[in-house]
Amino acid sequence: RVRPLVPRAFFWLVSLLLASLVWFVSVQLSDREDARLQYGLLLFGAAVSVLLQEVFRFAYFKLLKKADEGLATISEDGQSPISLRQMAYVSGLSFGIISGVFSVINILADSIGPGIVGIHGDSPYYFITSAFLTMALVLLHTFWGVIFFDACENRRYWCLGLVVASHLLTSGLTFLNPWYEASLVPIFIITLCTGLWAFVTAGGSFRNVLKCLSCKR
């Protein structure tokens with residue numbers, strides 16, 4: 001169950017590399033003196049990155065389906081030893097972990113100095129809000145993985161559309177920073193709603209929660 005973590009992270013890195021190349025080429029071919037154009041290209045690059053991530057999420061789903069069929073063929077009972085929901089959770093978690101690492105690594109590098117956050121009137125809550133935002137993104141990628149795999153398996157295309165749309169919306173909300181109230185609060189609302197959706201998709205129910213709290217099987 002842990003093995004898909006590394007290849008899934010590799011898929012995310014490839015999508016990031018391709019998105020970076022698209023953004024870099026577009027910047028090189030544009031007028032660098034036009035600030036509004038450069039900001040638009042940054043938005044374009046973020047959208048391309050999100051779409052490529054979802055394309056590679058789908059590619060990884062197809063790869064896992066082929067591997068699952070192969071494992072079922074060679075097993076004694078004709079069934080795969082790992083369920084698709086487990087693979088969806090692990091792959092989504094790996095996607096979230098590598099995304100979180102890349103989101104926070106530059107922030108951690110800046111935190112060692114020199115300089116003081118907020119000395120020029122900027123928000124002194126930069127690091128704490130960045131930490132909460134990274135946590136939300138890790139959780140969201142995990143939830144998106146569960147929902148996305150289930151939607152692909154059952155051909156619920158509207159669910160796929162909602163996953164991509166919520167990913168685009170979350171990415172777009174980060175451009176409201178440093179107005180953190182306008183970005184962090186909606187992102188956590190999206191995280192909560194997506195988490196409940198993933199919980200139901202994975203077969204969870206209120207009765208299961210009560211059994212868990214009462215330590216019953």
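Helices (H or I, at least four residues) and strands (E, at least two) are DSSP runs, numbered from the N terminus. The model is predicted: local features need pLDDT of at least 70, side-chain atom pairs count only at pLDDT 80 or more, and totals for chains, interfaces and linings use all residues. Residues are numbered from 1 along each chain as its sequence is written, and side-chain values use heavy atoms, with hydrogens and water left out.

The protein chain holds 7 helices and 0 strands. Its pattern along the sequence is α-α-α-α-α-α-α. Of its 217 residues, 35% count as buried. Buried means under 20% relative accessible area, exposed over 50%, and partly exposed in between (1.4 Å probe, protein chains only).

F24 sits in helix α1. This residue is partly exposed, at a relative accessible area of 45%. F24 belongs to a nonpolar surface patch of about 690 Å², together with W23, V25, L29, Y39, L42 and L43. Helices α1 (5-28) and α2 (35-74) each give two or more residues to the patch. Patches are made of residues with over 30% relative accessible area and no salt bridge; like charges are joined within 9 Å, and nonpolar side chains (Val, Leu, Ile, Met, Phe, Trp, Tyr) within 5 Å. Accessible areas come from the Shrake-Rupley method with a 1.4 Å probe; for residues, only the protein chains shown count as cover.

Charged pairs come next. A salt bridge is a side-chain nitrogen of Lys or Arg within 4 Å of a carboxyl oxygen of Asp or Glu. The count is 3 salt bridges. E54 pairs with R57, with the closest N and O atoms 2.9 Å apart. The two residues are 3 apart in helix α2, so about one helical turn separates them. E54 is buried at 5% relative accessibility, and R57 is buried at 1%. E153 and K65 meet in another salt bridge (3.1 Å, N to O). E153 lies in helix α4 and K65 in helix α2, so this pair ties together parts 88 residues apart in sequence. E153 is partly exposed at 37%, and K65 is partly exposed at 23%. D150 forms a salt bridge with R156, their closest N and O atoms being 3.1 Å apart. D150 is buried at 18%, whereas R156 is partly exposed at 37%.
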